[in-house]
Amino acid sequence: MCDILNHMVQYIRTGFDASFAALSDVTRRGVLEQLGRTDASITDLAEKFHMTLTGMKKHVGVLEQAGLVTTEKVGRVRTCKLGQRRLEEEAAWIERYRQRWDARFDELAKVVEELKRKEKVDGRKKRE
Amino acid sequence: MDARRESEPTPRKDLTTAERKSDRELVVTRTINSPARIVFDAWTKAELFKQWWIPKSHGLSLLSCEMDVRVGGGYRLVISHPAAPKPMEFFGRYLEVTPHSRLVWTNEEAGDSGQVTTVTFEERSGKTLLVMHDLYPSKEALDEAIASGSTCGMGETLEQLDELIVALGTSAGRS
């Protein structure tokens, strides 16, 4: 129940977002996780995920189009790394998350103020 | 009298902090100007909880809120939004309940990828430091939560909705 707003917005958004589609595949999520640890060549990734080179190239292509991965060819080796977009998005997401919680905690503070006020009134009544 | 004993660094306008502490952890903190006892009540009594958890200005409606706050007890929130095809349910179980100091619950609506949330209430000079710690089952689960929540490239309308939600929530909280 922690991030209901995020969930709701995600839920509403589902279905018309290329990046979402890019992330809907378990192999592609695995590739992103792997690249989060270290850069890797397509050959490395294909081996790791027990796939053909062609299959892995396809997955990397989808991630690249979504801006989640960048690739660079040096000699005969194509190296994949996390795209800048991914890193910027994480920072932006955390800031939005913070703002949502800030708003929610402002509401909490109001409820708590009201409770304090009531308690004071009740306390006074009891002592009288 | 002892309000100044705690020498805090320059007071910040933004009281809430959020940080990814590790591959699997998100931490949000906030200080509330009240004893922990009262803050804890606001987290554990449904009639209070529903007053603040879903700000009305966000366009979200809380259709129901059930909370059985004890170890092993469950909670269930049903929430609707005009743009959502049907109401969404959020549910889980309380793993730890220590009055006035600690709450731990599971988030099971997302299946196995849901996080475990720990909230601690630390009272200092009449104020309460809230630390909300989300532990995800894997780096992948947290990455996915972040990625799917921030993939805004095409959903421009919904991005605006998202910003509107934040703006409304902020102004409602400050007024």
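Two strands count as paired if DSSP finds at least two bridges between them. In this predicted model, β1(B) and β2(B) pair in the antiparallel sense over five bridges.

Strands β1(B) and β2(B) form a hairpin, with two residues between them. Within this pair, B:A18 has B:V28 in β2(B) as its bridge partner. Both strands belong to an open sheet of eight strands in chain B, with antiparallel pairing and the order β1-β2-β8-β7-β6-β5-β4-β3. The edges of the sheet are β1 (17–22) and β3 (61–67) of chain B, each of which pairs on one side only. On average, and with direction ignored, neighbouring strands of this sheet are turned by 20° against each other. As a general point, strands of a sheet pair through backbone hydrogen bonds, either parallel or antiparallel.

A second hairpin is made by β7(B) and β8(B), again with two residues between the strands. Strand β7 covers residues 116–124 of chain B and β8 covers residues 127–135 of chain B; nine bridges join these antiparallel strands. Along this pair, B:V119 stands opposite B:M132 in β8(B), and B:R124 stands opposite B:K127 in β8(B). In the turn, B:S125 has a positive phi of about 45°. Strand β7(B) also pairs with β6(B), in the antiparallel sense and over five bridges. There, B:R102 stands opposite B:T120 in β7(B).

| Strand pair | Sense | Bridges |
|---|---|---|
| β1(B) and β2(B) | antiparallel | five |
| β6(B) and β7(B) | antiparallel | five |
| β7(B) and β8(B) | antiparallel | nine |

**Chain B as a whole**

Chain B has four helices and eight strands. Read from the N terminus, its elements follow the order β-β-α-α-β-β-β-β-β-β-α-α. Which strands does helix α1 of chain B lie across? Helix α1 (residues 36–44) lies across β2 (25–32), β6 (102–106), β7 and β8 of chain B, and runs at about 155° to β7(B).

Of the 175 residues in chain B, 31% are buried. Among contacts in chain B between residues at least 6 apart in sequence, 39% join residues at least 24 apart.

The loop between β5 (88–98) and β6 of chain B holds B:H100. The phi of B:H100 is positive, near 70°, in a residue other than glycine. Most residues other than glycine have a negative phi. B:H100 counts as partly exposed because 15 other C-beta atoms lie within 10 Å.

**Confidence**

The model scores ipTM 0.73 and pTM 0.63. For chain B the mean pLDDT is 80, and 74% of the residues reach 70 or more. Where in chain B is confidence lowest, and where is it highest? The lowest mean, 45, belongs to helix α4 (residues 156–174) of chain B, and the highest, 97, to β6(B). The pLDDT is below 50 over residues 1–14 of chain B, a stretch with six contacts in the model beyond near neighbours in sequence. Residues 150–162 of chain B also have a pLDDT below 50, and this stretch has 21 contacts beyond near neighbours in sequence.

**Chain A**

Chain A contains six helices and three strands. From the N terminus on, its elements run α-α-α-β-α-α-β-β-α. Buried residues account for 37% of the 128 residues of chain A. Of the contacts in chain A with a separation of 6 or more, 47% come from residues 24 or more positions apart.

Helix α5 (residues 53–65) of chain A has 13 residues and reaches 18 Å from its first C-alpha to its last, close to the 18 Å expected at 1.5 Å a residue. Its residues A:M56, A:H59, A:V60 and A:L63 are buried. These four are on the same side of α5(A), because they cover an arc of only 95° around the axis. After α5(A) comes A:G67, with a positive phi near 80°.

Another positive phi, near 50°, is found at A:H50, a residue other than glycine. A:H50 sits in the loop between α4 (42–48) and α5 of chain A. Is A:H50 buried or exposed? A:H50 counts as exposed, because it has 9 C-beta neighbours inside 10 Å.

How values were computed:
Residues are numbered from 1 along each chain as its sequence is written. Chains are lettered from A and ligands numbered from 1 in the order in which they are written. This is a predicted model: local features need pLDDT of at least 70, side-chain atom pairs count only at pLDDT 80 or more; totals for chains, interfaces and linings use all residues. Axes are lines fitted to C-alpha atoms, for helices over the stretch in contact, and angles run from 0 to 180 degrees between N-to-C directions. Two residues are in contact if their C-beta atoms, placed from the backbone, lie within 7 Å. pLDDT is the predictor's confidence in each residue, from 0 to 100. A residue is buried if 20 or more other C-beta atoms lie within 10 Å of its own, exposed if 12 or fewer, and partly exposed in between; C-beta atoms are placed from the backbone. The expected span of a helix is 1.5 Å times one less than its number of residues. The arc is that of the directions from the helix axis to the C-beta atoms.
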